[in-house]
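The stops below are meant to be selected in order.

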Amino acid sequence: MLASHPFAASSAPFTLSILIWLPLALALIVNALPTKYVGRGAALASLLPVAVAITFVANFNSHNPGLQFVTDKVWISALGIHYKLGINGLNVALVLLTTVLFTVSLAWSAVREVDRPHTYYFWFGLAESAVLGAFLAQDLILFVAFFDLMLIPFYFLVGSWGSGDRVRATIKMVIYTMVGSFLMLAAAIATGVIASGDHGTGINFSFSALQHLPLSRTDEDWIFLAFALAFLVKMPIAPFHGWLADAYKAMPIPAVAVFSGVVAKVASYGFLQIVLPLFPHAAHHYQVLMLIIALVSILWATAMAFTTDDARLVIAYSSVAQMGFILLGIFSLTPQGGQGALLQMINHGVVTAASFFVVAAAAARAGGSEKLADMGGIAFKAPVLATLFLIVTFANLAMPGSSNFIGEFMILLGTFDSHIVIALIASVAVVGAAFYALRLFIRAMHNRVGGRVRSFEVTRNEAIAIVPLCLIILALAFYPQFGLGKSQASLDVAVLPAAALGGHVDMSQYATLAAAAEGRSIHPPISEVSYGAKQKPRRVYTDRKTATHRKAVHS
Amino acid sequence: MSSLILATAHIKGPHIDWAGLSPIAVLGVGALVVLLVGLAGQSEIRTRVVPALALLVLAGAIGTEIWRFTHAQTIIAGALRIDDLALIVDLVCAVSAVAAVLLSWRDDAPRAAGHGEFHALLLFSVMGMAVLISAQDIITLFLGLELLSIPLYILCAAEYRREGSLESGLKYLIIGSVGSATLLYGLAMIYGATGQTGFNQIAQVLAGSGPNGNLLGDPMLLSGIALVVVGFAFKASVAPFHQWTPDVYEGAPTAITAFMATATKAAALAVFLRFFDVAVISEQTKWAPALAALATATILIGNVGALGQTSLKRLLGYSGVAQAGYMLSGVIVGTRLGISATILYVIAYLLMNIAAFAVIQHQQYASGDDRVSGLAGLGKRSPVLGWSITLAMLALAGVPGTIGFIGKFQLIHALVDGGYGWLAIVLVVGAMISLGYYLRVVAAVWMSPEGAHASIGASAVAPGACAGAGAIAPIAGGSQEADKLPYPEVAFVAALFAAATVFFGVIPGPLFHLASHAGAALTSLF
């Protein structure tokens with residue numbers, strides 16, 4: 001019966017471990033090349049993880065809300081920490097996005113001179129491995145480990161290859177982020193220890209196991225706050241964004257593209273994958289607080305993006321505003337809002353990376369200055385660059401027809417369902433996005449020709465990064481279902497426990513989905529059934545009838 | 001004092017199990033041999049054979065420690081307990097001493113003090129640690145403490161022509177003596193209250209099964225425990241009894257600083273574990289809050305103190321204070337999990353600190369000072385050393401993928417499990433503050449302009465050379481060629497220990513296994 005099950009397990013020619021560690025391994029291999037070829041080698045080699053990620057996406061079963069391609073090994077047996085990886089609807093598109101953005105960034109670096117290239121590409125490889133690990137980890141401690149590890153390469157990339165006051169900026173960034181993530185570490189350990197203590201089970205940190213070991217309300221509250229702080233700093237959301245301006249100013253362009261594109265998304269992904277399913281009561285309890293934080297962040301960042309004189313900071317603040325929208329969607333605690341947030345993560349990942357590259361191209365024509373005052377009139381001699389810039393701009397301001405529009409629309413729809421006043425105020429900010437995005441485009445591309453501007457058409461060195469991203473933006477605009485279809489089933493399972501507390505959803509729908517997701521994780525495929533049957537069922541709230549029924553089906 | 005002597009005088013020639021005693025005996029005999037060989041006239045023998053012999057003795061000690069593993073026994077009429085907890089910490093001290101011998105191989109300190117004396121004192125100190133760690137009787141405890149401390153007072157002042165070294169030794173002598181005296185007074189009070197010297201007997205009296213009835217809450221006993229806490233706190237540099245630490249660390253020869261920072265601290269924490277979690281465990285409700293307050297103060301004071309330091313040795317001194325606070329938190333919970341967490345962190349602390357001190361020693365050879373800014377461009381000049389100190393710093397900060405992360409993880413685990421969740425938060429806050437200075441060191445290694453080093457190196461050599469006849473400056477001479485790894489043994493120590501921090505950070509299984517043995521050693525706990 002299981003074989004023809006719509007939620008049947010999917011298989012892929014590779015394991016997820018290969019996907020995670022391939023970038024690091026390739027970076028080490030490429031390190032053996034002579035200095036001249038390291039960059040090109042790294043960029044070409046980075047196509048391999050993209051290919052591996054594509055095989056996973058292609059083999060992904062969209063109807064199955066549970067984990068697929070699971071790797072589960074014991075890492076530290078004394079502590080019950082597992083090396084557990086898996087793909088579900090929440091991370092499948094983000095994994096592909098990660099590999100693509102890293103390839104594009106490496107291509108951008110490869111056609112430019114880089115000081116100490118061996119170390120530089122090693123850090124990029126480690127960064128890609130760590131980001132993929134954070135997306136794929138299905139064990140709380142493993143996730144925290146990758147989440148922290150992710151930061152180390154960027155510490156060095158900013159500190160060694162950055163510009164301006166780079167050392168100060170990088171230390172500030174690391175301390176800000178680590179403050180959150182150390183608290184998250186303590187909270188993660190507490191989750192496992194308290195859950196196992198309350199329920200008398202062995203200590204375990206895997207997401208699926210913890211979901212069945214609910215914490216008491218008071219514990220859930222402080223643990224939620226620790227996780228939320230870590231993620232809000234990383235996203236970043238105002239008022240936890242203190243590191244953002246300095247770090248984004250100092251980061252080398254390829255690094256800032258992936259940092260803003262995918263590294264920041266790990267945090268918003270963490271809300272969906274970890275916080276909502278594991279701490280639904282606290283998520284419901286703090287819903288309004290989080291929505292207000294999101295709203296403040298959106299409004300404040302929109303105002304900043306509109307007033308700053310620095311092209312790169314316009315993009316930086318616009319991404320704070322976009323992350324605010326994503327947070328809004330997540331904490332609308334409705335399936336639509338969550339869908340929109342997830343779609344927007346992908347859209348924004350592509351758009352923000354493309355924006356940073358475009359700004360770098362514009363700065364190259366304005367005598368290296370990223371000040372808006374020094375730009376202007378670039379479009380006259382660079383119509384193709386202007387067109388690409390326009391595509392990015394329209395996507396950024398969520399023009400109807402773009403995928404961003406669909407994302408923002410769904411987020412607002414979800415928020416309307418739960419908190420209409422907040423949704424109304426947030427819609428105003430959608431208009432604000434048009435103001436700052438168009439202002440950036442007009443000040444850079446049109447207006448009077450800036451004093452130091454020497455404009456020229458887009459070069460091959462620039463097109464190598466900007467064109468693929470623009471193509472992806474167009475593709476997403478025509479086919480936004482790419483992300484939506486794959487994620488829906490998993491997303492409903494993730495959001496519904498918290499949503500049910502707010503009374504916005506029909507629980508009968510959830511029961512079917514949850515049972516489907518459970519079916520995968522509790523009752524393993526036929527080959528392992530005997531092993532699975534011996535285990536004491538961990539579910540706490542299964543009523544006896546369904547449990548016995550299911551056992552009967554399996555035997 | 002005389003009553004103490006009388007109390008032990010009636011034990012007529014206790015049976016000595018030489019096999020059980022071997023980890024300690026090897027060190028004692030070896031130290032005497034090293035001292036005698038050091039009297040040889042030929043300088044070749046003194047400079048080469050003596051250190052090699054010292055390494056051999058330490059290898060013998062390590063060998064016997066591994067041999068006696070899992071053979072827990074109480075020897076010499078209950079004075080010493082050679083169990084897995086003791087053997088693991090003995091091992092930590094011995095490995096630290098090996099590193100100290102290698103780091104001082106061409107240092108000035110052994111030459112100034114005489115090679116035989118220097119190495120013999122080092123071995124005696126290790127022996128003192130072994131006695132202290134195994135002590136199961138308050139008299140043995142005090143003997144071990146003095147045997148560990150007195151050689152260290154001398155070793156700190158080994159470079160007696162250098163003002164800093166003398167100052168360091170004198171300071172350590174005075175403060176250490178105050179600490180010892182306080183401890184002795186406390187031990188006397190505990191003896192006075194319980195009438196027993198053995199840890200287990202004291203525990204029995206406190207549990208109410210002794211002849212004097214229930215003593216819990218007895219003021220004399222509590223004052224005794226408080227004084228013992230202070231005495232131990234001096235040794236483990238727990239705030240507010242830590243003020244000597246940065247000064248002594250800065251002045252002492254680097255190899256000795258490395259040894260003190262790791263081995264002394266390990267021994268002091270082991271004795272914390274054995275004394276508090278065996279002898280006076282029944283009074284846990286009284287001493288645990290006090291120790292928790294000390295640990296909190298230590299973590300915060302150590303980390304904040306390190307922020308402003310420019311000397312690497314002082315920085316690591318303050319960082320060591322903070323780390324002592326972390327380790328102390330494992331003692332407080334008084335569970336097997338807590339003990340194994342402390343032991344795990346002691347091992348982690350050894351690996352991380354020795355790697356860092358090896359790089360500092362290298363920098364002192366090369367440029368004559370230990371300023372953070374002196375590390376500028378190290379990553380480019382010598383990637384091995386650059387990576388070593390980078391990994392050591394990241395591990396000390398608790399970055400995942402390193403042993404520091406695993407150690408902090410297990411400590412937080414033990415704290416949450418033992419009902420001290422708030423102390424776990426303090427630990428985490430401490431770790432956040434610590435990033436401020438650890439990252440500054442890493443930034444200096446990789447992110448400072450190359451040119452900065454040359455000028456700093458040149459200006460720093462001059463005062464170093466003037467400081468004494470035996471200054472190291474002539475070896476390096478501030479020349480750039482000198483930076484190209486002319487000190488293979490130092491680079492080897494740095495690379496080995498840094499690699500170990502990563503290896504055990506990724507594959508911590510074996511260390512967990514060891515640490516759980518240590519936790520199981522104290523059978524009174526659960």
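The tour goes from one whole chain to a chain contact and then to a single residue.

This is a predicted model, in which local features need pLDDT of at least 70 and side-chain atom pairs count only at pLDDT 80 or more, while totals for chains, interfaces and linings use all residues. Residues are numbered from 1 along each chain as its sequence is written, and chains are lettered from A and ligands numbered from 1 in the order in which they are written.

Select chain B. Its secondary structure comes to 23 helices and two strands; helices (H or I, at least four residues) and strands (E, at least two) are DSSP runs, numbered from the N terminus. Of its 526 residues, 64% count as buried, that is, with 20 or more other C-beta atoms within 10 Å of their own, C-beta atoms being placed from the backbone.

Next, show where chains A and B touch. The contact (C-beta atoms, placed from the backbone, within 7 Å) takes 24 residues from chain A and 27 residues from chain B. On the chain A side, helices H6 (140-149), H7 (151-161) and H8 (166-199) each give two or more residues. H8(A) supplies the largest share, 14 residues.

Now select Leu344(B), in helix H15 (residues 336-367) of chain B. Is Leu344(B) buried or exposed? Leu344(B) counts as buried because it has 31 C-beta neighbours inside 10 Å. Leaving aside neighbours within four places in sequence, show its contacts: Gly407(B), Gln410(B), Leu511(B), Phe512(B) and Ala515(B).

Methods
Buried ≥ 20, exposed ≤ 12 C-beta atoms within 10 Å, placed from the backbone. Contact = placed C-beta atoms within 7 Å.
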